[in-house]
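Notebook open, viewer loaded. Here is what I looked up, entry by entry.

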Amino acid sequence: MRPLRMMLHTYAVTALNPKSIVFFVAFLPQFLDQSRPLAGQMMVMEATFLTLATLNAALYALLASAARRAVRTPAVQRTVNRVGGSLLIGAGALTVAWKRAAA
């Protein structure tokens, strides 16, 4: 898949995400000044959000790219599997203990 097409697809999925829409509908009005034109205020806030979201995604991509070589080694994969499995077992045990304490 071409990078531009992938980026546009990602943008469309993110822009149409219901959680994002609900967030903006609930969060944005608190920061709008009703006595001033709303369109300009909304454009500034949207541009700020898009800039920060792009920087955030770029940082994750750079970190993932840098970690790619390390994650491919069998020792790191084994460690990640063991830590992840241990966390899931711990969460299960905590859930059982919590359920028994509440009963």
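How many of the 13 residues of H1 are buried? I counted zero, so H1 lies largely in the open. One caveat before I go on: this is a predicted model. I also checked the span of H1, residues 3-15: 18 Å from first C-alpha to last, close to the 18 Å expected at 1.5 Å a residue.

Next entry, the H3/H4 packing. I got an angle of about 90° between H3 and helix H4 (residues 74-102), with the axes 5 Å apart. Angles of 65 to 115 degrees count as roughly perpendicular, so H3 is roughly perpendicular to H4. On the H3 side I listed Ala70, Val71 and Arg72 in the contact, and on the H4 side Pro74, Val76 and Gln77. By type, I sorted the residues of this contact into four nonpolar, one polar and one charged.

Then the rings. My search of the whole structure turned up four aromatic pairs. One of them joins Phe23 and Phe24 edge-to-face, at 5.5 Å centre to centre and 75° between the planes. Phe23 is partly exposed at 41% relative accessible area, and Phe24 is partly exposed at 26%. Another pair, Phe27 with Phe31, is tilted: 5.0 Å between centres, 55° between planes. I noted both partners as partly exposed, Phe27 at 36% and Phe31 at 47%. Ring pairs tie Phe23, Phe24, Phe27, Phe31 and Phe49 into a cluster.

Last stop, Gln41, which I placed in helix H3 (residues 38-72). Buried or exposed? Its relative accessible area is 14%, so I logged Gln41 as buried. Leaving out residues up to four places away in sequence, Gln41 touches Phe31, Leu32, Asp33 and Arg36.

Note on methods. Residues are numbered from 1 along each chain as its sequence is written. This is a predicted model: local features need pLDDT of at least 70, side-chain atom pairs count only at pLDDT 80 or more; totals for chains, interfaces and linings use all residues. Side-chain values use heavy atoms; hydrogens and water are left out. Helices (H or I, at least four residues) and strands (E, at least two) are DSSP runs, numbered from the N terminus. Buried means under 20% relative accessible area, exposed over 50%, partly exposed in between (1.4 Å probe, protein chains only). Contact means heavy atoms within 4.5 Å. The expected span of a helix is 1.5 Å times one less than its number of residues. Axes are lines fitted to C-alpha atoms, for helices over the stretch in contact, and angles run from 0 to 180 degrees between N-to-C directions. Angles under 35 degrees count as roughly parallel, over 145 as roughly antiparallel, 65 to 115 as roughly perpendicular and the rest as oblique. Ala, Val, Leu, Ile, Met, Phe, Trp, Tyr, Cys and Pro count as nonpolar, Asp, Glu, Lys and Arg as charged, and the others, Gly among them, as polar. Rings of Phe, Tyr and Trp (its six-membered ring) pair if their centres lie within 6.5 Å; planes under 30 degrees apart count as stacked, over 60 as edge-to-face and the rest as tilted.
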